[in-house]
Amino acid sequence: MNAIIITALWGVIMMFGGVFFKKSTTPKFWAIAGIIIVLLANLFEFFGHPFFNVDTKGMLKFDSFGLHFNTIAFICTLLFFLLNGKDFEKIGMHVSEYFALMFFVLCGLSILSSFNTLLLLFLGIEILSIPLYILTGSDKRNLKGNEAALKYLLMGAFSTGILLMGIALIYGGNTLGSFYIDAINLGTGNLPVLIAGGLVLILVGISFKVSAAPFHFWAPDVYDGAPAVVSSFMMTIVKIAAFVAFFRLFQTSFGAMQHQWQMLIVVITAATLLIGNITAVFQKSVKRMLAYSSISHAGFMMFTLFALNDTAKEGLLLYAAAYSIATIGIFAVIIKMSDYSIEGFNGLGKKQPLLALTAVIFLLSLTGIPLTAGFTAKFYVLMAAVKDGHQLWLVVLAVICAAIGAVYYFKVIQAIYFKDPVPGVNDEINVSSSFKFLLVVTAALIILLGFLPGLLIDWIYY
Amino acid sequence: MEIKWYIFLSLTLFCIGIIGALTRRNSIIVFMCIELMLNSVNLMLVAFSKMHMAGANILSYSMASSAQIFVFFIMIVAAAEVSVGLAIIVLLYRNTRSIDINFLNRLKN
């Protein structure tokens, strides 16, 4: 409850603060202060000291999994604000409002990690999405940004409609007439027609939200068209929040009859992995390539919905952390450049050795090279699928796709170290020493999680 | 009336909404089709709520009415979505003097 209330309040404070802040750097410090307060409040609740005792009639349920996920998401947001806080000034004049919208997104995120009824699932998803529509179009003069915002809005509203129809069918199908996700649980019996229909519609709705194939087509355009700062936020924190929400829903409501609908997830996972990885190979812009690679990472995270066991739970949190930190890091480097093409990275190793080294660590982690967090995370999600024991060919496919992934990530690494700089492209990259320090901290976090995933996972069972 | 007629009606409205949203090119009409989808869900929820109430015992009576509250939430969220959506459409119109969504194809290059 702490996180939900304080993020909403801080969003309002930031929104009205926009009137009073004189200097353009002030909102950044307020936002960083806010996220630290939210993080601490969430930790207090995690260790058993909630500040607010609101009777939600069981509509929200705060367990260690959800609260731990909140902590991970807030730490990632803190890193994101620290690394990219300055770059919000590039989007437009209303910096304080962009931060306010991000706090509202975080409010949606904390609802999604603790909901217990379908009503709050729906509200959480909408609170998460609506501020993002605005953020995507926040660069008002940029035509590409406008179009991305319209596309995101139409696709988002469309998928919400489908999701809602699924919820209505499930409500009609269960004899209790309840929206509580634990009351929907039917045990191991056969799926009734209405509930099966609702399940399929909800699955389609999710696939839109997390950009899983065959409903991924909006993702590359939106992530590419949105301002780079915003797409970094959308690809990481928003996506993992949607995954945690649906993991919660499927595990509680439909976990017992998992094998009746597992085939659907198998098809979606296989399609997402193949489409995401193969299309990414042919991209020329690094930003667009990362958009496709985020689709392929969604494919890996789908494995947790496929397996739905305890290892999947651990894997989901680890993958969320590893993927978010690495993507936020690589985007922090990209944002400092003016040219996003792969040629723009040529010779970065000579121009900015430290930036280049950290970028390589982030890319290696996204590929899944051992000793980085990306490898451990991939290992956990695939181990969950192996433990489940069904459809082992899917695991083989995932490993092949990870190898395809190495092709396009290594293209960038090759450009950084083995090619001569193109004159006139990205000549001036100005970074402060505090930014460099933060990048090193981010890279260190990735290596640390690669060695000791237990540091993160053990807290689930606190 | 039997519940199945309500289900047929709202599913028909829902399908009209989906087909409209996927085939029309004018972004305002696409938006109206999405609203139609949301409202068909409202109809379905209210119908199911009545169905649950007819067969309900005292215990689940209040639960059965929760769908009617859900409908209000859908209306509010739809209103919020429309206000953001129309703002974005106006933004696009200012820059391109058109609200045709075929402009979106430009992003692919």
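Where in chain A does A:L249 sit? The place of A:L249 is helix α11 (residues 228-254) of chain A. What you're looking at is a predicted model, where local features need pLDDT of at least 70, side-chain atom pairs count only at pLDDT 80 or more, and totals for chains, interfaces and linings use all residues. Residues are numbered from 1 along each chain as its sequence is written, while chains are lettered from A and ligands numbered from 1 in the order in which they are written.

**Chain A overall**

- Chain A has 20 helices and zero strands; these elements are DSSP runs numbered from the N terminus (helices: H or I, at least four residues; strands: E, at least two).
- A compact globule of 462 residues would have a radius of gyration near 23 Å, and the 21 Å of chain A agrees with that. The radius is taken over C-alpha atoms, and the globule rule is 2.2 Å times the number of residues to the power 0.38.
- Along the principal axes, the C-alpha atoms of chain A fill a box of roughly 70 × 55 × 40 Å.
- Take the contacts in chain A between residues at least 6 apart in sequence: 82% of them join residues at least 24 apart. A contact here means C-beta atoms, placed from the backbone, within 7 Å.

**Back to A:L249**

- A:L249 is buried, with 20 other C-beta atoms within 10 Å.
- Leaving aside neighbours within four places in sequence, A:L249 is in contact with A:L121 and A:I181.
- A:L363 is 114 residues away from A:L249 along the chain, and their C-alpha atoms are separated by 32 Å.

**A helix pair in chain A**

- Helices α2 (residues 26-46) and α3 (residues 64-84) of chain A pack at about 165 degrees, with axes 10 Å apart. Axes are lines fitted to C-alpha atoms, for helices over the stretch in contact, and angles run from 0 to 180 degrees between N-to-C directions.
- That angle makes α2(A) roughly antiparallel to α3(A); the cut-off for that label is over 145 degrees, with under 35 roughly parallel, 65 to 115 roughly perpendicular and the rest oblique.
- α2(A) passes α3(A) in a left-handed crossing, the near helix being turned anticlockwise from the far one by less than a right angle (clockwise would be right-handed).
- Residues meeting here include A:I35, A:L39 and A:F46 from α2(A), and A:F74, A:L78 and A:F81 from α3(A).

**Chain B**

- Chain B has four helices and zero strands, running α-α-α-α along the sequence.
- Buried residues make up 30% of its 109 residues.
- The axes of α1(B) and α2(B) come within 8 Å and cross at roughly 165 degrees. That makes α1(B) roughly antiparallel to α2(B).
- The crossing of α1(B) and α2(B) is left-handed.

**Where the chains meet**

- 38 residues of chain B are in contact with 33 residues of chain A.
- On chain B, α1 (3-23), α2 (27-54), α3 (58-64) and α4 (66-96) each supply at least two residues of the side touching chain A. α4(B) gives the most to that side, with 16 residues.
- By class, that side of chain B has 28 nonpolar, eight polar and two charged residues. Ala, Val, Leu, Ile, Met, Phe, Trp, Tyr, Cys and Pro count as nonpolar, Asp, Glu, Lys and Arg as charged, and the others, Gly among them, as polar.

Note on methods
Two residues are in contact if their C-beta atoms, placed from the backbone, lie within 7 Å. A residue is buried if 20 or more other C-beta atoms lie within 10 Å of its own, exposed if 12 or fewer, and partly exposed in between; C-beta atoms are placed from the backbone.
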